[in-house]
Amino acid sequence: MRFRHFLADRLGYIVLYMANLLLVLLVVWLDLLGQNVSISRETVIYAAVLSLVGLGVYLTIDYIRSRPFHRQIDVLTSGEAAIDDVLMLQGAATREQRATQQLVIDNYMKYMERLEQYKQQQDLHQTFVRQWVHQMKTPVSVIDLLVQQGERTGTGEAKELLTSVQEENEKLAHGLDMMLHTARLEKFEFDLHIKRVEMVHTVRGVINEHKKACIRYRLFPKIETDAETIWSETDEKWIVFILHQLMTNAIKYSKPKEGTKTLLVSLAEERGECRISIRDEGIGIAGHDLPRIFDPFFTGENGRRVAESTGMGLYLAKQVCLRLGHRLEVSSVLGEGTVVTLTIPRADGIHTLDG
């Protein structure tokens, strides 16, 4: 606490003190004047100086006594202090300061109590969501098996209906998967296992899982790489989730265009970094929408053209990349297609989650 701020807080008291001093001197002077007794100017000045010295001594002592407490307040309000630092607030010198100190501590304890209640509610909700998603995956899997069986035995119109059911079932499975990973994102550090992952094999596996959708929408996936194997340090489950989101988006926004389309997946390794680019020939993204594509629930112009757009796929992929220390970049030309590039840095680029 600076001394000028200290004086500013007591300006009213100082002004009132000076006014009272002048009033007392005036009363004394008038009283002596009525008795035909004069008072010298030196005496008046001497009395005023003594009084002001006393005031200065009091303000100095008050400042020295209050300074440690106000310094702690300055630290706590600087924006750099942790919320738990309020418990270290000590050294209150006045009743007002002690009341402030107690008020801050009481409010902190109430806040922590409510925060703990909120965390318990959130944990309960997350547990319910995960259990519900796992339960719903069972009927989704059963529907998938029944549809496959029906396609083998059915004919004509029945096969077309089963294909539509299969398509909707895939959307449902994708939505459940997104919901489950959104819940897991809250406890990301407990669901993380970094190891060496072979990326060419991983990408090929993700593409194979989408082969039915690619055939249905006349998409021809192609892998380009100069190396037979590319190893990266990452979490296999989360990197597969990211690739699934990127592939799903590429298929989703290629579907509205007529004719056959190519889905090119390029893998390259440079200076220890693995770079995966997924290039589609879909409807593309408007230039003014690009800065917001990683915002949650943002669909932009594409959301009006593709009904199943949720605005969550790229958001979740970006959030996972941030936690893994990976980079995700998107470039696009409206009407021509989109390129999404996932970069996995060297092993020493993976940051610690508690850092």
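**View 1. Tryptophan 238 is buried in this predicted model, at 0% relative accessibility.** Tryptophan 238 pairs with phenylalanine 241 in an edge-to-face arrangement, with 5.8 Å centre to centre and 90° between the planes. Both residues belong to helix H8 and are 3 residues apart, about one turn of the helix. Phenylalanine 241 counts as buried because its relative accessibility is 2%, under the 20% cut-off.

**View 2. Phe188, Trp238 and Phe241 make up one aromatic cluster.** The whole structure holds 3 aromatic pairs. One of them joins phenylalanine 188 to tryptophan 238 in a tilted geometry, 5.0 Å centre to centre and 40° between the planes. This pair connects distant parts of the chain, 50 residues apart: phenylalanine 188 is in the loop between H5 and strand S1 (194–198), and tryptophan 238 is in helix H8. Phenylalanine 188 is buried, with 1% relative accessibility.

**View 3. The largest nonpolar core has 42 residues.** Those that touch the most other members are Met199, Ile242, Val265, Leu267, Ile276, Val320 and Leu342. Elements giving two or more residues include helix H5 (157–185), strand S4 (261–270) and helix H10 (313–324). H8 contributes the most, 9 residues. A second, separate core of 6 residues includes Val129, Val140, Leu176 and Leu180.

**View 4. The charged end of lysine 318 sits over the ring of phenylalanine 294.** It lies 4.8 Å from the ring centre.

**View 5. The pLDDT is below 50 over residues 349–355, against a chain mean of 85.** Where pLDDT is low, predicted coordinates should not be read in detail.

Definitions and conventions. Residues numbered from 1 in each chain as written. Predicted model: local features only at pLDDT ≥ 70, side-chain atom pairs only at ≥ 80, totals over all residues. Heavy atoms only, no water. pLDDT = per-residue confidence, 0-100. Contact = heavy atoms within 4.5 Å. Core = buried A, V, L, I, M, F, W, Y, C linked by side-chain atoms within 4.5 Å. Buried < 20%, exposed > 50% of the residue type's maximum accessible area, 1.4 Å probe, protein only. Helix = DSSP H or I, 4+ residues; strand = E, 2+ residues; numbered from the N terminus. Phe/Tyr/Trp six-rings, centres within 6.5 Å; stacked < 30°, edge-to-face > 60°. Lys NZ or Arg CZ within 6 Å of the ring centre and 35° of its normal.
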